[in-house]
Amino acid sequence: MATPLPTDPPEHGAGPAERAIALTSFRAIERLLLLMIVAMTLAAAGFEIYRVIAQQSVNLADILLMFLYAEVIGMIAAFYGGRESPFVYPIFIAITALARLIVLQGKEMAPENIVFEAGAILLLAIAAVIIARASRA
């Protein structure tokens, strides 16, 4: 078997130049998608505010929905700021979404489903604490 030349591509994976191009491309795509998510979240929040003003009525589900929007923006800000673990934000979003589901369907839901969803919220809260403490260590 012949000895590979330094200019030969590696047998497995991409070379350093290809990796650099791929990483730069993926980062650009990621940033573009994050900016699109911010724009869509702000638009959705604007539509929700308009709806609340038009109906002249605010309920708990509306407030929880605004928290969801704020948490999505916070997750993206944490990604760009690098100040804390961005992995906790999707957990916060899931907790808020489950709480909103309980509020919206609370009266019609079977009691055991409420207990299951509350248990899921507790499990997510424990996971958030573990991840937050692990990221500080």
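This is a predicted model: local features need pLDDT of at least 70, side-chain atom pairs count only at pLDDT 80 or more; totals for chains, interfaces and linings use all residues.

**First stop: F79**

Select F79: its relative accessibility is 31%, so F79 counts as partly exposed (buried is under 20% relative accessible area, exposed is over 50% and partly exposed is in between, with a 1.4 Å probe and protein chains only). F79 sits in helix 2.

Residues are numbered from 1 along each chain as its sequence is written, and side-chain values use heavy atoms, with hydrogens and water left out.

**Zoom out**

Show the whole thing as a cartoon. The protein has four helices and zero strands (DSSP runs, numbered from the N terminus: H or I of at least four residues for helices, E of at least two for strands). Of its 137 residues, 21% count as buried.

**Helix 2, end to end**

Select residues 60-81, which is helix 2. Its 22 residues should span 32 Å at 1.5 Å a residue, and its end C-alpha atoms are 30 Å apart, which agrees (the expected span is 1.5 Å times one less than the number of residues). At the N-terminal end, look for the cap: a side-chain oxygen of N59 lies 3.2 Å from the backbone nitrogen of A61.

**What helix 2 packs against**

Which residues of helix 2 are buried? Colour A61, D62, L64, L65, L68, Y69, E71, V72, G74, I76 and A78. These buried residues pack against helix 1 (16-55) and helix 3 (88-105).

Now show helix 3 alongside helix 2. Their axes come within 9 Å and cross at roughly 170° (axes are lines fitted to C-alpha atoms over the stretch in contact, and angles run from 0 to 180 degrees between N-to-C directions). The two helices are therefore roughly antiparallel to each other, a label for angles over 145 degrees. Residues making the contact (heavy atoms within 4.5 Å) include L64, L68 and M75 of helix 2 and F92, I93 and R100 of helix 3. By class, that contact has 17 nonpolar, two polar and two charged residues (Ala, Val, Leu, Ile, Met, Phe, Trp, Tyr, Cys and Pro count as nonpolar, Asp, Glu, Lys and Arg as charged, and the others, Gly among them, as polar).

How values were computed: A polar contact is a pair of N or O atoms within 3.5 Å; within protein, one must be able to donate a hydrogen and the other to accept it, and residues adjacent in sequence count only if both atoms are side-chain atoms. Angles under 35 degrees count as roughly parallel, over 145 as roughly antiparallel, 65 to 115 as roughly perpendicular and the rest as oblique.
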